[in-house]
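These are my notes from looking through one protein model.

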Amino acid sequence: MSSKQLDLPYFCWHPALGAVGACRQCAVKLFNGPEDHTGTIVMACMTPVTPGMRLSITDPATAQFRDRVIEFVLTNHPHDCPVCEVGGECHLQDMTALVKHTERSYRFTKRTHLNQDLGPFIRHEMNRCIGCYRCVRFYRDYAGGDDFGVFGANRNIYFGRATPGTLESEFAGNLVEVCPTGVFVDKPFATRFRRKWDMRATPSICPHCAVGCNITVQEREGEFRRVVNLYNAALNGYFLCDRGRFGVDFIRSPARRRTSLQRDAQGTETPLDIAAATAALAEPLRTNNVIGIGSPRASLEANAALRLLVGPAHFYAGVSDHDADIIATAITILRDAAVPTATPADAAQADAVLILGEDPSDIAPILALSLRQSAQRATSEALAIRQIPAWNDSAARRSAAGSPTPLIIATPMSTRLDDCATACLRLAPTALLTLAATIKAQLEHPSTADPTAIAAILCCASAPVIVVGGDSALMRAAANIVTTLRRHGIAARLSILLPETNSLGLGLFCAPPLSAALAAIQTGHAPHVIVLENDLHRRSETGPLEHAFSRIASLSVLDCIETPTTATADLAIAVGSFADADGTLVNQEGRAQRSFKAIFGADDPAPSWHILRNAGIAAGRLDATAWATHRDLIEAMAANLPDLAACRTLWPHAHEGDMQRPPTLPHRYSGRTAVNAASHVREPQPFANPDSPLGPTMEGPMPRTGLMPHVWSPGWNSVQANLKFPSAAEPGVMLFPAITRIPTELPLPHPPSPTPGILALPIRRVFGSDELSNLAPAVASRVGSPILRLNPADAATRGLSAGTMVDCTIGTTTVRRTIALDPTMAAGVAGLTIGVQGEANPPLPGSLTITASHPGEPS
């Protein structure tokens, strides 16, 4: 029997939010058996499908009912579609057209509201509201925000804050896509607005954390416009954090490097074109004493090109010893021990969660959002007893209040998931290791004496998830907990929090850390240094770094932004950002994913690997035919690094010609000749990108799955069209495929020696700790002041109070912070914000010395 896909209008339903039956727009007529010819109007979203069900979508009475609902919600809606930023991608427009509503009978004054200032990300246009409640259901119920709600009653309701002010949730930007009208507008996008059909769209990977969320980058006339979510079932689903949505604006910031330059001994700067910069880079490559320093924010291809150019023995990872240890441990756990990893989707479905070491809300926000769904979800047993289907969102959430899924948090300081946790333990790192060892011991020898113990909770689960980060020994201990659970037949999984977008990918190059590179410089074995997309001042203390730089003959830096490292380079070469080049990243679970060139402008900087290739050819280190294409480089990388061999499969199938490639321009793209009419009326030559599987024009077939540049279906212009394409993103390739055997247990290192005084740990903030997103103006305005978080007892012992300005010394680095007291903080531990612009990161974790600042000194 053939099936036909039918369109049914809706407003309040959302695939991630479930059904509440509030808007009455999805009405259908249900017939009670073959003899019933009258039927009853019911709401489709609240009516389970049953065998033999008879219903009608086109029944005249039902169609009239839906038409009246549309007329009702449009009663006070403004007539501003031509000037509304959501015009042309508005769900309300789509649904109005779907029900064929064309007339209005209301002829009176429309109700109006005052808009609120909701911060740098969101512009409020409350008069467009249709009262579907999606915004508050997402913000409060799904994302856990408490500073946004619904006020009023009946026909006079208002969605906003009690008082105007910045929305505090790091997921507030999703209101733009959740709202079916234009109540919430992307504020940065509004300043450079273009219609959806007038922008090029390209699938990409978020560069701001190690989760690897899928995004769509949109541009027009070579200028970045905005980022929208690209659905990926395993990773980000329907949502993005605000750092991912608005942080990409760094590519338009004043700190973006567009030109290359060379400095002489007197500091005089000489601008260079790309040919001259490549020739200058070839000079140190002609010697045998050159080293390369890679980066965890550069692509696999860029790091591979530098490694192949200077040789494996002269390539260094460009990360601190602490980060190198964490990354190496993660690889050991995933590759060698074969411990199964958890995707955010797995975390959302976990029936027990244990968080050890760090707060995922700041390091991996989308993972934290998934963990919140797990904690807010009623247990399957509770739903079964009450006979409540999981899709019945309101009832299911109320049911969860009495029987939540266990979420246990064991960290040195408070987290933003504490509000939905069933237990919070504040422990120092050594105590966390003891706790992990105790849990493992209790799992090996189960006891019913204490059913509330963490081990007992994990044993009662069928698919628990352990989240760990911050310390390599704790990561090993967490992996052993998963191994023990697996040995007992429990399908446990591990999620490892890694610091940067390509941390794991860089670790697979097996390169020594930055300290080894500095040691090589000190011994005189590396007079020439090439740094790839890395600010070394964020990785090392200033003193050792500057002393090492004083001993080298030349420092060449390739980067897309201005940094303290580029400011001291003899040769600073402008390269393309992640949006200007194709590249591959490896996320924290070992998933390799491709991103594609999304910005096409006349002055695009070249990709790092391309410049390195040309310099290598000029220096005689490479054949003239080496890496002629991006695919050739991937082949060379895979041949030299077996762990990355699976990246070959990321290359899409070959196409016969450009006309066969999916288009990046929508079929309604307009003004292709008008924008250049001042100089020429002919259509310009399309930008060529032979390395991409995507076409540069409007021509070509649109794939229904996989690489989908556009979310659009006939009659569905809004983001809701993604429901037509449930597999909008490429899944990537797992570098460490799942193995059915029981994972290998890992040996634990000896307990570390006690740290004298207070142990300082890093505080990574979702707004403020990431190097790239900090350069986006909207994100920069959300960065809070740097703090030193202390337990009140530790502060009182040292005569410190909240708000006091102090100097914090770790190693040889001193930074200034404001004291913030946290009563839940573990004793003997301090939290120090990192990633402050223009400041070197202290070597953390480390012993902290606190000195009160002199009154009146600037902060």
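**Entry 1: E533**

I started with E533, which sits in the loop between β20 (528-532) and α20 (542-549). The model is predicted, so I am reading computed values throughout. I looked up the backbone of E533 and found a positive phi of about 45°, although E533 is not a glycine. Most residues other than glycine have a negative phi. Is E533 buried or exposed? E533 counts as buried, because its relative accessibility is 9% and the cut-off for buried is under 20%.

**Entry 2: C510**

I noted another positive phi at C510, about 55°, and C510 is not a glycine either. C510 is placed in the loop between α18 (503-507) and α19 (514-522). I then checked its cover: C510 has 60% relative accessibility, so it counts as exposed.

**Entry 3: L558**

I went on to L558, which belongs to strand β21 (residues 554-559). Its relative accessible area is 1%, so I wrote it down as buried. Which residues are in contact with L558, leaving aside neighbours within four places in sequence? The list includes L281, I530, V531, L532 and E533. I573, V575, S608, I611 and L612 are also on it.

**Entry 4: salt bridges**

Side chains of opposite charge can pair when their charged atoms come close. How many salt bridges are there? The count comes to 45. I looked at some of them one by one.

R128 and E85 meet in a salt bridge at 3.6 Å, N to O. The pair links distant parts of the chain, 43 residues apart, with R128 in the loop between β4 (122-124) and α3 (134-142) and E85 in the loop between α1 (60-73) and α2 (91-98). I checked the cover of both partners. R128 counts as buried at 6% relative accessibility, and E85 counts as buried at 11%.

R416 forms a salt bridge with E170, with the closest N and O atoms 2.8 Å apart. R416 is in the loop between β16 (407-411) and β17 (423-426), and E170 is in the loop between β6 (156-160) and α4 (175-178), so this pair ties together parts 246 residues apart in sequence. R416 counts as partly exposed at 34% relative accessibility, whereas E170 is buried, with a relative accessible area of 9%.

D198 forms a salt bridge with R220, and the closest N and O atoms are 4.0 Å apart. D198 lies in the loop between α5 (187-190) and β8 (200-205) and R220 in strand β9 (residues 214-220), so the pair ties together parts 22 residues apart in sequence. D198 is buried at 11% relative accessibility, and R220 is buried at 5%. I also noted a network: salt bridges that share partners join D80, E85, R123, E125 and R128.

**Entry 5: C84**

C84 is in the loop between α1 and α2, the loop where I had already placed E85. C84 is buried, with a relative accessible area of 7%. Beyond its neighbours within four places in sequence, C84 is in contact with R128, G182, F193 and R195. R128 is also the salt-bridge partner of E85.

**Entry 6: a cis bond**

Most peptide bonds are trans. I found a cis peptide bond joining L844 and P845, with omega about -5°. P845 is in the loop between β30 (829-833) and β31 (846-852).

**Entry 7: the whole chain**

I ended with the protein chain as a whole, which has 25 helices and 31 strands. Its radius of gyration is 28 Å, close to the 29 Å that the globule rule gives for 859 residues, so the chain is as compact as a globular protein of that length. The C-alpha trace spans about 90 × 80 × 60 Å along its principal axes. Buried residues make up 59% of the 859 residues. Of the contacts with a separation of 6 or more, 73% are between residues 24 or more positions apart.

Conventions. Residues are numbered from 1 along each chain as its sequence is written. This is a predicted model: local features need pLDDT of at least 70, side-chain atom pairs count only at pLDDT 80 or more; totals for chains, interfaces and linings use all residues. Side-chain values use heavy atoms; hydrogens and water are left out. Helices (H or I, at least four residues) and strands (E, at least two) are DSSP runs, numbered from the N terminus. Buried means under 20% relative accessible area, exposed over 50%, partly exposed in between (1.4 Å probe, protein chains only). Contact means heavy atoms within 4.5 Å. A salt bridge is a side-chain nitrogen of Lys or Arg within 4 Å of a carboxyl oxygen of Asp or Glu. The radius of gyration is taken over C-alpha atoms; the globule rule is 2.2 Å times the number of residues to the power 0.38.
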